[in-house]
Amino acid sequence: MPLIVKLLAQRIALGLILLLLVSGLIFVGTMILPGDVAQSILGQSATPEALENLRAELGLNDPPLQRYIQWLGGAMTGDLGTALTSGADITASIAKRLSNTLFLAFWAAIIAVPLAIFLGLLAVRFKDRWPDKLISAVTLASISIPEFLIGYVLMYLIAVKLRWFPSVAMINDSMSLGDKLSAIALPVTVLTLVVLAHMMRMTRAAILNVMQSAYIETAELKGLNGFQVIFRHAFPNAIAPIVNVVMLNLAYLVVGVVVIEVVFVYPGMGQYLVDHVSKRDVPVVQACGLIFAAVYIGLNMVADVVAILSNPRLRHPK
Amino acid sequence: MSEPLLKVRGLKIGATVYPPGEKPHDIDIVHGVDFDVQKGKVLGLIGESGAGKSTIGLASMAYGRGGVKITGGEVWVNGRDIMQSGLGDIRKLRGGEVTYVSQSAAASFNPAKKIIDQVVEAAVEQNKFSRKEAEDRARVLFDKLGLPDPQNIGDRFPHQVSGGQLQRCMTALALCPEPDLVVFDEPTTALDVTTQIDVLMAIKEAIRDTGVAALYITHDLAVVAQVSDDIMVLRHGNMVEYGPVDQIINHPQEEYTQALVSVRSIDHEEKAPSGDPVLSVRNITARYKGTQFDVLHNVNVDLYPGQTLAVVGESGSGKSTLARVITGLLPPREGEIEFAGRTLSSDLAGRSPEDLRELQMIYQMADVAMNPRQTVGTIIGRPLEFYFGMKGAEKRKRIIELLDEIELGEDFIDRYPAELSGGQKQRVCIARALAAKPKMIICDEVTSALDPLVADGILKLLLQLQKIEDVAFLFITHDLATVRAISDSIAVMYQGKVQRYGGKNQVLSPPFDDYTDLLLSSVPEMRLGWLEEVIANRKMESAGN
């Protein structure tokens, strides 16, 4: 078997094993949380008999291992169970929320990733001159300010004062794409500002590192101009670290948007999770945790696969 | 005479340096150099490291590495002063009129792109040829440079061809845009001698056939004598001597040039083996962990007290692996090492402090073999403490003795490695090895990173110390001139086997086996016409077969 196939298979298998371990961790973690679902559903005045009946009905008295296997088996077949509080099917409610979160993350990524890489290249081209310093200063400032603060400031300036975009990012199926985009303009802007700096600085560092190589000198001595040298000769060798940081930030866009969703009242996974944590609805929390973990592990796996594929020594063995 | 292709007048080059603990300041690297290169002629620039030869070569492309700047003078290419040209004109010059071949093609090719794309890039970018024409041209050049499968080799990636082949691809890269001038910057220095001769031949023929002019930069006078029409000798950024190649090689005027020409003049008589060997390598077969093939096959050599055994071979021949086995870093699969009458544990952990003390090592890179934050006194004093428990005045006295032996003197005791030159650093490493009062020292390419004159000094010192201390050297090298200068016996290694072994005179006298013959005949000799002779001989031999 070619080395590259072996490495890819290993990496993917590792990702799956990791996901399995994390699912166990999520299950154990939610098990040891204090509190009792039956108690919180029925309230303080419930009789011990009623509590006992409800627990039996919810399957809370079964041995943990059995419940884990049931849960995992269900999750793998797309059945995440029913919410304890509302009795609603979790898979159906999450699908809706997840698609909203992915919609937001998608548009944030579409803007942030190319912009970050472009700014990174620009910073390299004008290294230590004013464009580089300006880009660094602005992106560092934007990452240093807490995201909720940026959110509220933008809301005040753009939504309240200028009235360009709505302050609350409510979307539903009946809206056109244009309306939806207008609704999410503010959260997308905030998310872009939050993830931009990290990706841009990593792009800059990775390319600057490559720019020290002897083959960059060769390219310069061919009479290529600055951008040609960076695009053709430096960038292809800096893909692996750049993709790595891009994937980390994409993962953040999906799993880390809780605060932004709450600030802009956006109907995504984050809000859904926060609602159900406060209600101690364990199956929902578990399902959200599992999906977040899968997204995170999956995107990192993609980064590693791209890194392996971008290595010419592995792609074209001797 | 017509207007020269390249005319350099009063060229001054400076750089900003950032020494630790001091304010950054500007220094001059080249202090005003004049020379001409006529169309189709080759000028050799020669000198030791720091002489400014690469800097001058790159200046002909208006390029400065790192913080290097051209601070004065004129550089005329094709009748234009490129110092007065705008950036756009300079870009047309680079890769169009003047191209560059670097020392390490392996580092100078972009690992992510196919060879052909890189070879034709300048020609296409400078609108000299269409992509199609440039590719055809590249294939013709690949063929001319003796590369295998010239039609398809360009479709490979740089890591898929050998070092010597890649160096030839780099030459094709430089010749593809049909430049007027090529700057060859030590193009064969990183290659093995048997590979070097092929590349040298290819370069020489390519220069002759294309009629391109060249600046040929090297520290090896014997190499430059084969390809140049004129030679300029440089030292510390100044011109020492400049003239036709015949004059420089056969009638050097300046003392420094004479020293360069007569370097490696050490006359060392072979000593006959006496007494019991201090080291006996018995039937050693070894492989690296996790690999499926042996890198050493049944190696047997002996080293006698107070003598030098030179282990010579090309990269990959197993000579450094042999050192790893002897020092215990790589336990062999079979065989054993006898040292001073006892059998050494194959594993480093199983050796006694006495074993460790009596077997010392000196490395190629003196730089990285010393802790940069320790003074010379601390570095040499460490083995004195460790093996002999010396302290205070007694230790200091011994350190000064050792410093005297390596011809450095007492005032070096408080200096840091960064304050020493390359040769001085290697001397400190020698003193550190001697401090343990060893019976034997393994010298692994100890002069390879040094300039010829400095290397010569180190070899003389080693011979002198051998007489005083009666220590045996196992001397690993790829350089046959060094072998001649220092050895009593020689082991020629090839593909993990000892190809030829015996006393120096016997090994270096005919009849030779094929490999030793190839190796010996590939070492450049400092006389005109040597390369042509070897080429003619080899063509005759291959025609005869």
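How many residues of domain 1 of chain B are in contact with residues of domain 2 of chain B? The count is 7 residues of domain 1, which meet 6 residues of domain 2; two residues are in contact if their C-beta atoms, placed from the backbone, lie within 7 Å.

The legends describe a predicted model, in which local features need pLDDT of at least 70, side-chain atom pairs count only at pLDDT 80 or more, and totals for chains, interfaces and linings use all residues. Residues are numbered from 1 along each chain as its sequence is written, while chains are lettered from A and ligands numbered from 1 in the order in which they are written.

**View 1. The two domains of chain B.** Domain 1 covers residues 6–261 of chain B, and domain 2 covers 307–330 + 345–509; such bounds come from an automatic or database domain assignment. A distance of 35 Å separates the C-alpha centres of domain 1 and domain 2 of chain B. The side of domain 1 of chain B that touches domain 2 of chain B has 2 nonpolar, 3 polar and 2 charged residues. In this classification, Ala, Val, Leu, Ile, Met, Phe, Trp, Tyr, Cys and Pro count as nonpolar, Asp, Glu, Lys and Arg as charged, and the others, Gly among them, as polar.

**View 2. An open sheet in chain B.** In chain B, 4 strands with antiparallel pairing form an open sheet in the order 2-1-4-5. Strands (E, at least two residues) and helices (H or I, at least four) are DSSP runs, numbered from the N terminus, and two strands pair if DSSP finds at least two bridges between them. Strand 2 (25–37) and strand 5 (80–81) of chain B are the edge strands, each pairing on one side only. Strand 1 (residues 6–17) and strand 4 (residues 68–77) of chain B run antiparallel and are joined by 8 bridges. Ala15(B) has Val68(B), in strand 4 of chain B, as its bridge partner.

**View 3. The helices of chain A.** Chain A contains 15 helices and 0 strands. Its C-alpha trace spans about 85 × 60 × 35 Å along the principal axes. Of the 318 residues in chain A, 34% are buried, that is, 20 or more other C-beta atoms lie within 10 Å of their own.

**View 4. Where chain A touches chain B.** Here 17 residues of chain A are in contact with 24 residues of chain B. Helix 9 (214–220) and helix 15 (312–315) of chain A each supply at least two residues of the side of chain A that touches chain B. Helix 9 of chain A gives the most to this side, with 4 residues. By class, the side of chain A that touches chain B has 6 nonpolar, 7 polar and 4 charged residues.

Technical notes. A residue is buried if 20 or more other C-beta atoms lie within 10 Å of its own, exposed if 12 or fewer, and partly exposed in between; C-beta atoms are placed from the backbone.
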